[in-house]
Amino acid sequence: MSVRPEEITVVPRGPEPGGKGGAYRAFGETLRGLRTTMSQMFTKPVTIQYPEEKTPVYPRFRGRHRLHRFEDTGLEKCVGCSLCAAACPAQCIRVVAAENDPENRVSAGERYAAVYEINLARCIFCGYCELACPFDAITMGHDYEMADYNRSDLIFTKEMLLAEPIERAPLRREGE
Amino acid sequence: MPRTQPNRITLTIDGREIEADEGTMLVDAAREGDVEIPVFCYEPKLGEPVGACRMCLVEIEGIPKLQTSCSTPVRDGMVVHTRTDQVKEAQESVVEFLLVNHPLDCPVCDKGGECPLQDISMGWGPDRNRMVDQKRHFEKPVPLSPLVAIDRERCILCYRCVRFSQEVSEDEQLQLLERGDATFVGTFDDRPYIAPFQGNITELCPVGALTSYTYRFRARPWDIEQGGSVCTLCPSQCNVSFTVRDEQVARVLARDNPEVDDGWLCDKGRYAFQAMYADDRVLGPEVTSDGHSTPASWQEAEETAAEGLASAGSRTAILVGDASNEEGYLLQRILRQALGSGDIDSRRGPGVDGDAALKLADPAISAQTSDIDTADLVIVVGTDPIQSAPSFDLRVRKAVRRNGTALAVASDRPGALEGGATEVVRFPPGGAPAFLEELAGKVKRGRAKTGLAGLIADSEQTVIVWGERIVQGAGGRAAVEALVELSEAAGLADQEGSGLIGIPDNANGRGLREVGCLPDAGPGLSPTGPGRDAGAIREGLESGELEAVVLFGVDPIRDLPDPEGWRRALEAAGHVVAFSLARNESTEFADVLLPLESHAEKDGTVTHPDGRIQRVRPSARRPGEVRPVWQVLTELAAMLGSSTGITSTPEALEAVASAVPFYAGLTDSEIGGRGVRWQERPAAKDLGTPSPDLTLYATAPGPFSPLGSGAAGLEADEASVLEPASGVGRSHTDSSGGTTPPSSVSDLPTPKDGQLLLGTYPNLWADQVVESSPALRFLVPAQRLEISGPDATRLGLSTGDEVSVRSGEESVNARVAVRAAMPEGACFLIEGTPADNGNRVAGEDGGPTLVEIGPPEVRLELVTSGGGPEGDEAA
């Protein structure tokens, strides 16, 4: 079988060790790599000094949930329909609804959530609850600091979810 | 008319060949062939289709216009299309029209997630609504009744609830008011809808317009689990499905079983689940020492109970009320095998004894519940099903309305079914035996052309529904003979679908009899030596001949005749072991109080009045310390020295099946979800064969008869004392020997001047579970004295007067209710009311008695709160 000329691939090889080529390999390439390192010494560090500094989050970041009230009436937006619980793939939401007392309303509709609990130890922060909610009563907030010493402390009740959270995490600015 | 086998025909739906019975509606045939046609108003349980909602329109080849498939019967060779453009357009329009006035508040609506309108809108509706105008508005939600809320904005006017009220329960209270788009469902003059079956409308409603107050906003379909079981609150034993959330029952739904309940449920069965979580529920074992009842461990409680029973030995008696077959079997086995006594009773008074039960259980003369549907003639004797077994009431109404069945009602007290009856016979309280004898005689002679006997002669398929009350009391034995004679004369045995259905007093009365909870019959109705019946047990306890008593799911001070006697008896008893669901007057006397499981927690079997063995299955968690009762009973048996070897519920059923010859080979899987009638199993031929268990009892330390030798632990003189005492219980056993002719029925007491003959009747709502259920509390009856018009005039009484009813030393206060159609010279009181219990003045054996009516007694009421000056002021 003969080899045709176009089938021959010439493999270029580096300079032989020793001599000029050897010196380049030892120092030149090293210096070339160090150039990146050296240039970084004169730019601002990207390290965030957590926990003194917080990582800024994107507006659509899915952190700890929040429940909302109507701004004008102060009534809870949640009517306890349980759709969030149905949508939840981790089954971490428990809703027990009850009937509103017209004298002492909790929510706008006939029913309200007497119990609303999210087990954050189970939550996978998928945001399906937010999607399922027909009243925009539950949204994913920006809070991501939820570590605790106790599993049961990770069950957030309605009062905890309704409370105005301490905004620890800054929002990422445009273009940041 | 006997059931006929319909022809099978073939039709084509959407290109599929489908086989169906001739005459079925197209929509049902399609469902059989896995083609779904959406429907709103169609519900076969409600009777004839009305074609009101137009949701089920389909195209049938050869008919130019679309047809409603719910009201079009199938024909051979029919070609149907359900997915053409024309059909699709029609379906979308119907949904769009329905949504014109329907508020889209699904997240708030209680039906959300289990709503047919939601499903159909998603499946067959257009994806958007063009409605931009105001929808109609009503005040909402408003109470339609104390149990049901109505939201008229959500109503789509499918007529289902109205049809139920008009054509099924026939209370005729729900109406469609106004016309056109102003139409709404309501009652005349906005009166509350009070009817014993109203809960069914919440289940029928295809939208969230009718909701139960007990379940409003409690849970969503994805929060819950459904557990099928059987309701054991009355002998109807309707099939139910418990909605369980967080391991607690939140709702009770009907579970369709055409052979038992037809898919309906009464309000007691639907709402009395609340009693399971009431404050008066016994949550753990308690032992009384020094007059104080204190919670105890199961070990301690069982040991104390066993110790007391062992020391009483054969001087122990057992009263059984609400129990499953397994529990009843274990109880009688403990008594007969370990304690050597035979004093066990599951009845209110002397009634159907072993021998009578055996005669009446003959499969040839037994009908099944669904036979009522097709019968030519239904005779209801001595019972008012609405009070004693409500689903039978609907069943009979259905037969009369849809099948043209002739109905004859023969009773002492005017009942609810009489409105639709062809023939009504009234006899005085206790007069049933005489009536039956006369009827049997007439039918036998066969010359009657008119009246009830004429109806029987004309009818091919006859079903006789009789209440256990007619075989109780003085003429009971004669009544049984007459019933058997009547069924022979009427030829019930020869005609398929004819027969007797006996409605017992107890929810599982039939099952308890068949597993041996009778003083004179062991498992399988095999005769044993006579023991004491309930009345004789009371006397025995009072006189000290009996020392210990086990009360199982029964509150004798409330449920049985002579409550004062029972109070004395329990006080005199040396050792009282009470198994009870809830605290009551009788449990106050308990030395050991053990909790029972409710019917949502129990695992066992029960026997329907028509012989259908059904499974009660656990679906909710047992609260507190409550344990499976069969376990407790097997442990007690082992402590008393007769180990049963039962370690699981299937084994418990196996033990019952091997002890009762005609239950032989019964297993859980054979019973399944729908139950199985033992009369239809091959083992039914063993009816009357002695139970193999009897050998066990024969080797027990003492014979069953308290009259037996000294081995029973009785002194000779004691035995002679006992004879008259237990005479009440013994009289029927004697009469079966032929000493008393059955024609003792004419021995009814004759009222003297100013006296009336008192009969008592069970009221569906006079029950502790009703009082313990907040939703039903408004139905708890106050005592009322039903009296005929002429008697009222003679005594100068009118409806609403307060009177006292006196019999001997006992008297109760009641309000007078003058009723038409009452037998003259008779009056009626309710049994088991919380105050002024009619049982107090009833005859000692629960039969009729003579009473005098007088001015109301001044009641000395205990002022429980505070007392002293405040108490005086209140008085």
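**Two chains, question by question**

Colleague: How far apart are the centres of the positive and negative side chains in chain A?
Modeller: Chain A carries 23 positive and 25 negative side chains. Lys and Arg count as positive, Asp and Glu as negative, while His and the chain ends are not counted; a charge is placed at NZ of Lys, CZ of Arg, CG of Asp or CD of Glu. The distance between the centres of the two sets is 9 Å.

Colleague: Which pTM does the predictor give the complex?
Modeller: This is a predicted model, where local features need pLDDT of at least 70, side-chain atom pairs count only at pLDDT 80 or more, and totals for chains, interfaces and linings use all residues. Side-chain values use heavy atoms, leaving out hydrogens and water, residues are numbered from 1 along each chain as its sequence is written, and chains are lettered from A and ligands numbered from 1 in the order in which they are written. For the complex, the predictor gives an ipTM of 0.79. Its pTM is 0.87.

Colleague: In chain A, where is confidence highest?
Modeller: pLDDT is the predictor's confidence in each residue, from 0 to 100, and its mean over chain A is 88, with 96% of the residues at 70 or more. Helices (H or I, at least four residues) and strands (E, at least two) are DSSP runs, numbered from the N terminus. Helix 1 (residues 19–40) of chain A has the lowest confidence, at a mean of 85. The highest, at 96, belongs to helix 3 (residues 128–132) of chain A.

Colleague: What pattern does chain A follow along the sequence?
Modeller: Chain A has four helices and five strands. Read in order, they give α-β-α-β-β-α-β-β-α.

Colleague: And why is chain A called more spread out than a compact globule; what is its radius of gyration?
Modeller: The radius is taken over C-alpha atoms, and the globule rule is 2.2 Å times the number of residues to the power 0.38. For 176 residues that rule gives 16 Å, and chain A is well over it, so it is more spread out than a compact globule. Its C-alpha atoms fill a box of roughly 95 × 55 × 35 Å along the principal axes. The radius of gyration of chain A is 29 Å.

Colleague: How does chain B do on that rule; what is its radius of gyration?
Modeller: Chain B comes to 28 helices and 34 strands, and its C-alpha trace spans about 95 × 75 × 65 Å along the principal axes. With 875 residues, a compact globule would have a radius near 29 Å. Chain B agrees with that, at 29 Å.

Colleague: What share of chain B counts as buried?
Modeller: Buried means under 20% relative accessible area, exposed over 50%, and partly exposed in between, with a 1.4 Å probe and protein chains only. In chain A, buried residues make up 32% of the 176 residues. Of the 875 residues in chain B, the buried share is 61%.

Colleague: Is Leu633(B) buried or exposed?
Modeller: Leu633(B) is found in helix 20 (residues 629–639) of chain B. Leaving aside residues up to four places away in sequence, Leu633(B) touches Glu327(B), Leu330(B), Leu331(B), Ile334(B), Phe552(B) and Phe579(B). At 1% relative accessibility, Leu633(B) counts as buried.

Colleague: How far in space is Gly127(A) from Cys88(A), C-alpha to C-alpha?
Modeller: Gly127(A) is in the loop between strand 3 (111–119) and helix 3 of chain A, and at 6% relative accessibility Gly127(A) counts as buried. Gly127(A) touches Arg62(A) and Met140(A), not counting residues up to four places away in sequence. Gly127(A) and Cys88(A) are 39 residues apart in sequence, yet their separation in space is 8.5 Å.

Colleague: Which residue with a positive phi follows helix 4 of chain B?
Modeller: Seven of the nine residues of helix 4 (residues 160–168) of chain B are buried, so this helix is largely enclosed by the rest of the structure. Among the buried ones are Cys161(B), Val162(B) and Phe164(B). Partners of the buried residues include strand 8 (174–177) and helix 12 (390–403) of chain B. After the helix, with phi near 55°, comes Glu170(B).

Key:
Contact means heavy atoms within 4.5 Å.
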